[in-house]
Amino acid sequence: MSLLSKNMAALSFHSFNHFSSILFSPSPSSSLSWNLSFALSNGGSFKGGKFVVLLSTHSNPKILKSNKKSRYGQRITSYDTDEEEEEEEDNNDMAGDDWLMNDDFAETHEYGVNGKKFKSQKGSGIEGNQRPQEQRKGSQALKSRQGLIISEDQMDVSNGNDVLKKSSVRNLYHSSNKMKEVGSFGIDGGGKLVSSTSKENRYERLSDEIDLDEKWLPLLDYLSAFGLKESHFIQMYERHMPSLQINVCSARERLDYLLSVGVKQRDIRRILLRQPQILEYTVENNLKSHVAFLMGLGIPNSRIGHIIASAPSLFSYSVENSLKPTVRYLIEEVGIKENDLGKVVQLSPQILVQRIDISWNTRYMFLSKEIGAPRDSIVKMVKKHPQLLHYSIDDGLLPRINFLRSIGMNNSDILKVLTSLTQVLSLSLEDNLKPKYKYLINELNNEVHSLTKYPMYLSLSLDQRIRPRHRFLVSLKKAPKGPFPLGSFVPTDECFCQRWAGTSLDKYLAFRQRLLLKEFAKKYEKQ
């Protein structure tokens, strides 16, 4: 008989009767070795010839010590912070329009108006007491001197039936008085034989940074499929440690629901980094109610996933006590029409999770005083570009208004431009507004007042649209004398070729490509 068989038999002889009376009643068809394996993998330990079995109905979450610091030297807190790390969105549609790119000043700041200081605060309504306790089963593996390790078995209890989910056996041997792992195997959720390694090998950096519990490994493995790496798990741990204690089945159910309502798989990583608490939000009591709220605003199903990816923190706000009051304020105080709410939220989902009263009042007061904007005009600005309510006054709004003044516009002209194209407030001064103004004056022989008639000129790409179309008409000797018509930049490429150039679209696109390569070469030579 092998050494393994002898140990199994010895353990079974001394302990099986006592164990079976505690955990379950064996059936005649039950295998002795199977019951032993079942017991060892689900919390049983062998001490003094008896089994000690610990049963628990809930997890035992670890609480971060108040003096624990992150690898950056910052104090770790279990509370969420207001700072969010934004990742750049893919801009595949309408690449020629600058205003569709990520905003440079989409931040909320403190500032003063008329000598009064305003402070933006996050709204309350976090449903912290509604978080369900996650059930976990399992225990540390029993290690014998002969090198046998029976690792944790994942058990899923449903309707009183115990279902064996996964088991793995690791064979170890002694060499130079050290235990060395020679191989391991396991069965994944789909019944496929897969190789596995120890937590130290799979998450070596993570183990060095935090107290990694083996019970977290199934969740970490699952989340890794969404592109999360060890550095991301460290961020999640420091931001909200209990999120890593969630049962993998519960996490899969919640993320599957988000995917089912339109969240893209590539956005899951960003959502978890910004709002790891989302793994704790139940489908029935939280996720579904918030999705239903968004649909009630008139947001189409195809855009729900975009809203969630842009503002995942909305799930931490109470629908009744926070989100609905914000909507009422937009309607009753700001003046947004109810049938326009869906459009406004789609343009700026963050509007639902900010102190809308502070944001609105301060910017309304500023625009009224600075350029004499009436209330109706400011409401139009918010409707067209609600991101306006996020922009800093000192670093965002005021510098752009001053730039428009510096090129010769008066308050009336500025108001016309901002009311027609509020996105101007999101454009970079150095990379967009100033270069386009110089090209308008020096190359197109135009005047500033033409921008009040065609403010869209400021939102168009200089490299992709303005310069190519101008140079193309010049090459064809079809450029009109005098000021170049800004209206030629507005239509699509097809309409431009038919109406202004009188050539095929392919000919224009080939010209633009050659021009872009030349401009790129010039910039490269200057570097």
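**Stop 1: the whole chain.** Show the surface of the protein chain. How many of the 527 residues count as buried? The share is 44%.

**Stop 2: the cartoon.** Switch to a cartoon view, where you can look for 21 helices and eleven strands. Now think about contacts between residues at least 6 apart in sequence: 66% of them join residues at least 24 apart.

**Stop 3: colour by confidence.** The mean pLDDT of the chain is 74, with 62% of the residues reaching 70 or more. Next, select residues 1-196, where the pLDDT is below 50. Beyond near neighbours in sequence, this stretch still has 305 contacts in the model. Where pLDDT is low, predicted coordinates should not be read in detail.

**Stop 4: a pair of helices.** Select residues 283-296, which form helix α9, and residues 301-310, which form helix α10. Two packed helices are described by the angle between their axes and the distance between those axes. At what angle do α9 and α10 pack? The angle is about 120 degrees, and the axes lie 10 Å apart. The two helices are therefore oblique to each other, and α9 passes α10 in a right-handed crossing.

Finally, show the side chains where they meet.

Methods: Residues are numbered from 1 along each chain as its sequence is written. This is a predicted model: local features need pLDDT of at least 70, side-chain atom pairs count only at pLDDT 80 or more; totals for chains, interfaces and linings use all residues. Side-chain values use heavy atoms; hydrogens and water are left out. pLDDT is the predictor's confidence in each residue, from 0 to 100. Contact means heavy atoms within 4.5 Å. Helices (H or I, at least four residues) and strands (E, at least two) are DSSP runs, numbered from the N terminus. Buried means under 20% relative accessible area, exposed over 50%, partly exposed in between (1.4 Å probe, protein chains only). Axes are lines fitted to C-alpha atoms, for helices over the stretch in contact, and angles run from 0 to 180 degrees between N-to-C directions. Angles under 35 degrees count as roughly parallel, over 145 as roughly antiparallel, 65 to 115 as roughly perpendicular and the rest as oblique. A crossing is left-handed if the near helix is turned anticlockwise from the far one by less than a right angle, and right-handed if clockwise.
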